[in-house]
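Visitor: Hi, I'm new to this one. Could you walk me through a few spots?
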Amino acid sequence: MDQSRVPHQDPDRVATMYGELGNKLVQHAKRTQSLAHLPPYQTEIVRAVTREVRDLDRDVTRLLEPFEGAFNPSADPAIACALLVDHLCMRRNKRCLLAYHRVRTEKLEELCWTGVDILEQQQPSEDGGAAQHTALGTSGHSSLSPEEEEYFRQYGDMLAAYKGQWTDVDLTGTLEPPKDLFIDVRVLKDAGEIQTEYGVINLTKNSQLYVRQGDVERLIAQGFLERLT
């Protein structure tokens, strides 16, 4: 292939084949599907894939520029092949970007429906140890992109407005019928007082309570309580 058609790139990225970074995003997305939490947003890889698409688009423009809109693929099959490769690479990268963000969006919506506050969510450490940290990573940065944080807030507001139409029904509750009406729980984090049908319950850390399951399902999902077996 004519070396003159290779787009200008950062020398450190010349060895990276087109599509390789997009494939990394797909691998991250697949890993995210099997996790209970949302791993850090891959900002650098997303930016690199976006730059790659722009490089390819500039390359296409440069290749077609001499023809002034009158390019005939059969007359110049080499250029036609180069254009096809560029377009396929751009299309694949865009699909990888869409797949990565779609998986993360679905995870955010799932967390929102289960009542999990993403900024309070406890995540296992990367090395698989027992250490825990919140959605604010060890470097002090959120695991979400700014756009994801805004989406999570707006989706939460929309969900709250939707659920507000049926105040007598917990739309985020489990669809499985409870095996026991009352359960034993341990309080993992102070949650103050909650009002139940049987009166006020004070949720103090490390205390154990015997409560109606329907009154504390949301608190269990949010990580304030732990069900004892």
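Guide: Let's begin with S207. Setting aside neighbours within four places in sequence, S207 is in contact with V185, R186 and V187, where contact means heavy atoms within 4.5 Å.

Visitor: Before we go on, what kind of model is this?
Guide: It's a predicted model, where local features need pLDDT of at least 70 and side-chain atom pairs count only at pLDDT 80 or more, while totals for chains, interfaces and linings use all residues. Residues are numbered from 1 along each chain as its sequence is written, and side-chain values use heavy atoms, leaving out hydrogens and water.

Visitor: OK, where does S207 lie?
Guide: S207 lies in the loop between β5 (199–203) and β6 (208–212). Strands here are DSSP runs of E with at least two residues, helices are runs of H or I with at least four, and both are numbered from the N terminus.

Visitor: And what does the side chain of S207 reach?
Guide: The backbone oxygen of T204, at 2.5 Å.

Visitor: What about N206, is it buried or exposed?
Guide: N206 is exposed, with a relative accessible area of 58%. Exposed means over 50%, buried under 20% and partly exposed in between, using a 1.4 Å probe and protein chains only. N206 is also found in the loop between β5 and β6, and it has a positive phi of about 75° although it isn't a glycine.

Visitor: Which value is phi of E68 near?
Guide: Phi of E68 is near 50°, a positive value in a residue other than glycine. E68 sits in the loop between α2 (43–64) and α3 (77–113), and counts as exposed at 72% relative accessibility.

Visitor: Switching to rings: how many aromatic pairs does the structure hold?
Guide: Four. One of them is F67 with F71, an edge-to-face pair at 4.8 Å centre to centre and 70° between the planes. Rings of Phe, Tyr and Trp (its six-membered ring) pair if their centres lie within 6.5 Å; planes under 30 degrees apart count as stacked, over 60 as edge-to-face and the rest as tilted. F67 is partly exposed at 27%, and F71 is partly exposed at 22%.

Visitor: Why is the pair of F182 and Y210 stacked?
Guide: Their ring centres are 5.7 Å apart and their planes are at 25°, so the pair is stacked. This pair links distant parts of the chain, with F182 in strand β3 (residues 182–187) and Y210 in strand β6, 28 residues apart.

Visitor: Are those two buried or exposed?
Guide: F182 counts as partly exposed at 27% relative accessibility, whereas Y210 counts as exposed at 55%.

Terms used
A polar contact is a pair of N or O atoms within 3.5 Å; within protein, one must be able to donate a hydrogen and the other to accept it, and residues adjacent in sequence count only if both atoms are side-chain atoms.
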